[in-house]
Structure formats: C-alpha cells, structure tokens
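Trainee: I'm new to this one. Could you walk me through it and tell me what the words stand on?

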Amino acid sequence: MARALWLDRIQSAGEVLGSLHGVPMAHKDMYYRTGRVSACGSRIRSNEPARGTATVLRKLDAAGGIDVGGLAMVEFAMGPHGFNAHLPRCLNPWGHDRVPCGSSSGSGVAVASRMVYASLGSDTGGSVRCPAAANGIVGLLPTNELVSRRGTMPMSWSLDCVGPLTRTVRDAARILTEIAGPDANGGSASINYEHEIDGPLAGIRVGVAEGYFDEDLDPDVNKVVTGSLEVLRQSGANIIPVKIPRSVSIASDLHPLVMKAEGSANHKPWKRERGDEYSAEVGKRLEAGFFIPASDYINALQFRVFALDDFLETVLSKVDVLHTPLLPIPTPTLEQTAYSSGPNYLKMVVALTRNTKVINFLGLPALSVTCGYTSDGMPTSFQLVGRPFSESLLLRLGHRYQMETKLYREIPRELRRTSTQASVAAE
Amino acid sequence: MQKISDELHNLSLCEVADLIKTKQVSAVETCKRVSNKLTRLIPFTTPSYGKIATVQWPVHFG
C-alpha cells in the first residue's frame with residue numbers, strides 16, 4: 001500500500017512511471033526480490049530471503065506496477081496439475097472440484113479470480129499456458145530467451161521461459177512490451193506489442209494440424225477448438241491444413257529427458273542433504289533425472305536443432321501460425337490427478353502437457369486463448385504457435401478473436417456463486 | 001465513481017491502467033479492492049517474509 005500511496009503522490013505532481021502505473025500484480029513465488037522470501041512452493045526455500053531482484057520485476061517496477069506478493073505454485077515448478085503437498089489447495093474458480101493446472105497454479109487462479117490484473121508465471125513444458133487454459137484466461141509463452149530469466153528460480157536451464165497470464169490478449173501485449181528485450185537489468189523491448197495488436201488478419205495463413213496435435217483428442221474439446229477457427233476465418237484469415245512431421249512426436253518423448261536431467265542437476269546437493277523435505281511426488285521425479293546418461297542428454301539437445309529446422313520447414317513455411325488445442329482433454333478433477341491413482345495418474349500428467357511441451361522443446365512462441373466451454377462448463381483454449389519472435393502476429397490473432405467473441409468478460413462460475421451468496425446474505 | 005469502484009476488479013489490466021492514468025481512480029483505491037480479495041482468499045498466496053538465508057541456491061543469470 002505504501003507504493004500505491006507513493007505512486008498516487010507522484011502522479012499528482014505530474015509524473016507517471018509507465019504503462020502499468022498503479023496496477024497491482026502478483027507473481028509465481030519464484031521471482032526473487034532482495035530481502036523477500038520466494039519459497040518456490042517448497043519447504044527448502046521457505047525461510048530464505050533473496051539476495052537479488054529478478055530483471056523482470058525491475059522492469060515491471062520501472063513501468064509503475066505494484067507487486068503485492070508471491071502466488072502459490074507447484075513445488076519447484078515440477079508438475080502440471082497444480083497440486084502442492086506443502087500448500088493448501090489452489091482452487092479453480094470455474095469449479096472447485098477441478099485442478100487449476102500448473103505449475104503456475106496461483107497465477108492462473110489469481111488472475112481469473114480478479115485478485116490481480118496480471119501475473120508472471122514460468123513455462124518449461126506448459127506451466128503458463130496450461131493454468132491459463134484451465135482457468136479461462138490468456139497465457140503467453142514468449143520465444144525462448146526473448147524475456148530475461150535473471151533472478152528467477154531455475155527449473156530447466158534450456159527450457160524455462162518467463163511469460164504473463166492475463167485476462168485479455170491486449171494485457172499480455174502490454175506486459176510483454178515491458179518485460180521483453182535484452183537483460184542488462186533494465187533494457188526494454190524495441191517493439192511495442194500493444195501498438196501492433198489491431199492490424200488486419202487478411203491473408204494470414206492459419207494452419208490446422210494434421211497429426212500429433214489431433215491425436216488422443218477429446219471430442220468435446222475438438223468441437224469447441226474447431227469452432228474457433230471459423231471466427232478467425234470470418235475475420236480474414238486463411239485456414240489451411242498442414243501435416244505435422246514425425247520429429248514433433250520424438251520431441252515429445254525427449255522433452256522430459258532434458259527437463260529431468262537439468263532439474264536434477266539443480267537439485268543434486270539438496271536431494272543428497274535434505275531429501276526428506278521434498279514431497280514424494282517431486283522427489284521421485286528428480287530422482288529419475290539422476291539416471292539419465294550424459295550422452296542421452298547431449299543427443300537430445302542436438303536433436304532440438306534438427307527438430308526446429310524440420311518444424312520451420314515443414315510447417316511454418318507453409319503457414320504463418322499453427323492453431324492447435326491447448327489441453328487435449330477437459331480440465332481434470334482433483335480426484336483424477338491424485339498421485340495415488342497409479343497408472344491413470346501418469347496418463348493424466350502426460351495428457352496435460354502433450355500439446356505444450358513440444359513447443360518449449362522447439363523454443364517457439366505460443367499463445368493460449370480461451371475459446372469456449374466443454375459440456376461440463378469448464379473453459380478450454382486453443383494455442384497459436386509461430387516462428388521465433390513472431391509474438392506480434394500471435395497477439396494480433398488472439399486479440400481479434402477476443403474482440404469478436406468477448407469470452408474474456410465471462411466471470412468464473414464459482415465467483416458468480418460466491419457473489420450471489422453474498423448478495424442473499426446482505427438482504 | 002462508485003460504479004467504477006464496484007466494477008474495478010472485473011476490468012482488464014489495460015482498462016484499469018487507463019482509469020488510473022486519467023485519475024478516475026487512484027492506485028490506492030485499486031489496491032484496496034484487490035487486497036480485500038487477497039484477505040478472503042489467502043490460501044492462494046505464500047508468505048513473503050522469513051529468516052536469513054543460509055543455503056546457496058542456483059539462480060538464472062540471463
């Protein structure tokens with residue numbers, strides 16, 4: 001509140017810091033700020049104030065944003081469904097019996113619940129886009145290394161990306177404008193993504209995936225996501241089928257290998273000395289990384305170069321943007337994602353990140369936008385994938401879709417119920 | 001003004017930033033609306049205070 005008072009005072013004197021002046025935000029609890037504890041959803045870091053401030057927080061501060069605190073997340077960002085054994089349940093505002101997805105679970109819930117106007121998450125295999133989809137908001141995965149990660153918790157050195165979760169695509173464009181660009185503890189983007197958002201869609205080629213992304217797809221999700229293509233077509237885009245190369249399927253298999261190997265390397269000293277402070281689920285995931293041979297890891301990194309070239313040549317030379325479902329299944333229930341449910345648990349975890357992790361592997365930008373509701377009333381999203389540094393194009397398409405459908409104005413079911421109960425009580 | 005305040009939390013980031021910029025609502029008022037919700041929904045957040053660090057933790061350098 002002290003910062004809000006100060007911002008109001010300087011504004012009265014005629015000074016406005018930037019495009020986020022006075023806007024309250026909160027971020028996944030893994031963005032370090034000097035002197036503040038960012039627990040990273042863990043017990044291990046729950047008492048350790050940070051020794052520096054993340055570059056992205058410095059940039060948001062410089063733009064006038066207000067950081068109101070850290071948000072719940074999956075322990076060390078290792079898990080896609082949102083559960084954290086060390087924290088109270090993070091509740092999906094569209095259905096309290098449903099997972100919020102993760103690992104940026106608090107970011108998805110806080111923005112969808114109208115607690116804050118935007119939140120930074122991190123995306124290693126879908127951790128911005130999946131909670132955005134499950135909570136009915138927007139999630140942006142920028143091109144790998146477009147946004148500085150300095151001063152953030154590392155999960156996977158080569159896959160981690162910083163990205164915003166917001167209610168509108170325009171909001172995401174504004175946040176990206178502030179956080180993108182060279183590090184140097186304050187460099188800014190040379191592009192104003194928000195200014196480019198209103199351009200026409202005429203002639204833009206939107207690809208519809210044939211292969212991989214349309215496999216194991218729930219019919220209910222397919223119906224909603226396919227319907228969103230018609231909106232883009234009517235707005236001027238050309239819808240073109242495009243075959244997905246086999247390298248995407250291999251990328252899907254290799255992504256967990258890279259993520260686990262790099263994650264385990266980060267955690268090695270603590271796993272040895274403080275292993276009992278990890279939850280069983282995350283502890284087991286990290287242990288798997290210790291048994292990956294260095295040769296397999298290096299080969300997987302080398303394959304990334306080939307896979308990117310192949311994807312650019314066979315997909316993104318034929319279309320400007322690829323349109324896919326984000327979550328291939330309806331948002332799971334809490335019960336379905338219980339760690340104790342055996343093989344079904346693993347199947348569920350794999351399904352949640354099936355369409356997102358391959359994009360991290362390729363290092364491409366992707367935008368997740370809510371496009372409707374499955375028959376159980378839960379939101380579902382499409383994903384737009386583009387060439388490196390094509391964020392402006394993705395944002396333009398997503399923004400036009402939101403302007404045509406106005407779905408971003410929908411208030412989550414549990415919030416409507418809560419406000420109705422409050423009104424009845426007041427009467 | 002009261003109507004804007006009531007609807008504040010349902011606005012988008014760009015909409016609320018424009019209201020603050022044009023002085024139709026203050027940063028303090030906006031934060032109050034948010035902090036009311038944070039108080040009610042505190043399980044979503046983690047505490048941001050603690051003791052002195054004793055363990056070196058890897059961190060991204062770029």
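Mentor: Let's start at one residue: A:Val116 touches A:Pro24, A:Met25, A:Ala26, A:Val68, A:Ala110, A:Val111 and B:Val34, not counting residues up to four places away in sequence. Keep in mind that this is a predicted model, where local features need pLDDT of at least 70 and side-chain atom pairs count only at pLDDT 80 or more, while totals for chains, interfaces and linings use all residues. Residues are numbered from 1 along each chain as its sequence is written, and chains are lettered from A and ligands numbered from 1 in the order in which they are written.

Trainee: What makes two residues count as in contact?

Mentor: Their C-beta atoms, placed from the backbone, have to lie within 7 Å.

Trainee: Why is A:Val116 called buried?

Mentor: The cut-offs are 20 or more other C-beta atoms within 10 Å of a residue's own for buried, 12 or fewer for exposed, and partly exposed in between, with C-beta atoms placed from the backbone. A:Val116 has 27 such neighbours inside 10 Å, so it counts as buried.

Trainee: Where does A:Val116 sit in the chain?

Mentor: In the loop between helix 3 (105–112) and strand 3 of chain A. Helices (H or I, at least four residues) and strands (E, at least two) are DSSP runs, numbered from the N terminus. Chain A has 13 helices and 10 strands.

Trainee: Which residues have the most contacts inside the largest nonpolar core?

Mentor: A:Met25, A:Val56, A:Val116 and A:Val321, in a core of 124 residues. A nonpolar core is a set of buried Ala, Val, Leu, Ile, Met, Phe, Trp, Tyr and Cys residues joined through C-beta atoms within 7 Å.

Trainee: What is the strand order in the open sheet?

Mentor: Eight strands of chain A run 3-5-4-9-10-8-6-7, with mixed pairing. Strand 3 (118–123) and strand 7 (238–243) are the edges, each pairing on one side only. From one strand to the next, the twist averages 30°.

Trainee: How do you know that strand 10 of chain A pairs with strand 8 and strand 9 of chain A?

Mentor: Pairing takes at least two bridges found by DSSP. Strands 8 and 10 of chain A have five bridges and run antiparallel; strands 9 and 10 of chain A have seven, also antiparallel. Both pass, by that definition. For instance, A:His323 has A:Leu384 in strand 10 as its bridge partner, and A:Ala366 has A:Val385.

Trainee: And what about strands 6 and 8 of chain A?

Mentor: Strand 6 (residues 205–210) and strand 8 (residues 321–325) pair in the parallel sense over three bridges. There A:Val208 stands opposite A:His323.

Trainee: Why is strand 10 of chain A called largely enclosed?

Mentor: Eight of its eight residues (379–386) are buried, so the rest of the structure largely encloses it. In a regular strand the side chains alternate between the two faces of the sheet. Here A:Pro379, A:Ser381, A:Gln383 and A:Val385 are buried on one side, and A:Thr380, A:Phe382, A:Leu384 and A:Gly386 on the other.

Technical notes:
Axes fitted to C-alpha atoms, helices over the stretch in contact; angles between N-to-C directions.
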